[in-house]
Amino acid sequence: MQVTRTIAEFRAARATLPGPVGLFPTLGGVHAGHLALVDAARAANASVVSTLFLNPTQFGEHEDLDRYPADEADDLGQLEAHGVDLILVPSREEMYAAGFDTTVHVGGITDRLEGARRPGHFDGVTTVVLKLLNITTPDRAYFGEKDAQQLRVIRQLVRDLDLPVEIVACPTVRDPDGLALSSRNAYLSSEERTAALSLSRGMGLASDAFAAGERDAETLRFLVRGELEAEPLVRVDYVSLAHDETLAELQGEVTGTALLSLAVHVGMTHLIDNVTLG
Ligand code: AMP
């Protein structure tokens with residue numbers, strides 16, 4: 001794996017790679033969920049490129065940028081072991097050079113869920129993703145369903161701006177007990193980790209009820225909330241059952257496919273998870 005630290009160096013190496021090229025962009029804190037995306041990219045492309053960049057503009061002022069898991073050597077080792085050919089580890093100074101003054105804003109769906117809770121978050125995501133796509137020029141880019149809203153926002157960005165890239169979504173990888181893998185799981189104490197299992201349990205209750213014929217949106221949300229609120233260490237930010245594409249909150253009877261998504265704090269740690277119903 002060739003490690004590059006400037007955009008020019010990356011571009012020179014990228015020009016020699018055979019296509020098609022798959023991209024896996026990450027903030028770091030690499031885990032098996034990330035590596036499943038790399039494996040998917042490896043299986044479908046002649047070359048795999050990655051970017052490792054803890055993008056400050058997608059973190060709010062009181063969020064965890066300063067304590068986000070960052071072990072570059074470990075991240076690079078894991079990415080190399082899974083067959084990444086070329087990686088860019090850019091500096092903040094080069095990504096946001098003096099005078100940088102452009103923001104890419106996707107409307108509509110960014111007002112909801114994580115967007116409502118984290119003002120400016122998706123502007124940070126879409127701006128950096130567009131930059132990374134322009135720098136790396138992949139044929140395909142790999143994103144996780146774990147970040148369901150982010151995935152939809154990026155698809156909208158690509159559609160609206162006619163970006164010549166295929167966005168490939170990969171299913172959420174979980175620990176055997178159901179906890180979705182996340183870089184932020186590293187913050188959890190063992191009691192907090194046990195409490196965090198209520199997310200997958202709550203989604204399981206709703207999925208089972210849905211499979212048994214329950215279609216009332218409020219009842220389905222209530223089932224999840226009950227499971228989360230039974231855990232004293234969990235503070236619910238939202239439980240949403242929304243239209244799968246627009247993410248508009250559903251009322252009354254659910255018809256068609258719906259996205260059940262939740263966000264909580266367990267102690268200081270922000271966790272999100274989701275499952276598709278129908
Ligand atoms: P991040 O470094 O957190 O931005 O994550 C990089 C990519 O990995 C994003 O597209 C995430 O959606 C995806 N991802 C994170 N956790 C998981 C997981 N448990 N399963 C599958 N994909 C994931």
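Q: How much space lies in the second largest cavity?
A: This is a predicted model, in which local features need pLDDT of at least 70 and side-chain atom pairs count only at pLDDT 80 or more, while totals for chains, interfaces and linings use all residues. Residues are numbered from 1 along each chain as its sequence is written, and side-chain values use heavy atoms, with hydrogens and water left out. On a 1 Å grid over the protein atoms alone, a cavity is a set of points where a 1.4 Å probe fits but cannot get out; points are joined across faces, edges and corners, and the volume is the space filled by probe spheres set on them. Here, the second largest cavity holds about 60 Å³.

Q: Which residues line the second largest cavity?
A: Lining residues have an atom within 4 Å of a point. Among them here are Lys146, Leu179, Asn185 and Asp273. Strand β9 gives the largest share, three residues; strands (E, at least two residues) and helices (H or I, at least four) are DSSP runs numbered from the N terminus.

Q: What is the volume of the largest cavity, and which residues are closest to its centre?
A: Its volume is about 860 Å³. Of its 50 lining residues, Leu27, His34, Lys146, Asp147 and Gln150 are the closest to the centre. Helix α6 supplies the largest share of this lining, six residues.

Q: In what order do the six strands of the open sheet stand?
A: Strands of a sheet pair through backbone hydrogen bonds, either parallel or antiparallel. Two strands count as paired if DSSP finds at least two bridges between them. In this structure the order is β1-β4-β3-β2-β5-β6, with parallel pairing. Strands β1 (2–4) and β6 (166–170) are at the edges with a single partner each, so one side of each has no neighbour in the sheet.

Q: How many bridges join β2 and β5?
A: These strands pair over two bridges in the parallel sense. Glycine 22 has arginine 140, in β5, as its bridge partner.

Q: Which strands does α7 lie across?
A: Contact means heavy atoms within 4.5 Å. Angles run from 0 to 180 degrees between N-to-C directions, with axes fitted to C-alpha atoms, for helices over the stretch in contact. Helix α7 lies across β5 and β6, at about 170 degrees to β6.

How values were computed: On a 1 Å grid over the protein atoms alone, a cavity is a set of points where a 1.4 Å probe fits but cannot get out, and a pocket is an open set with protein on both sides within 12 Å along at least five of seven lines; lining residues have an atom within 4 Å of a point.
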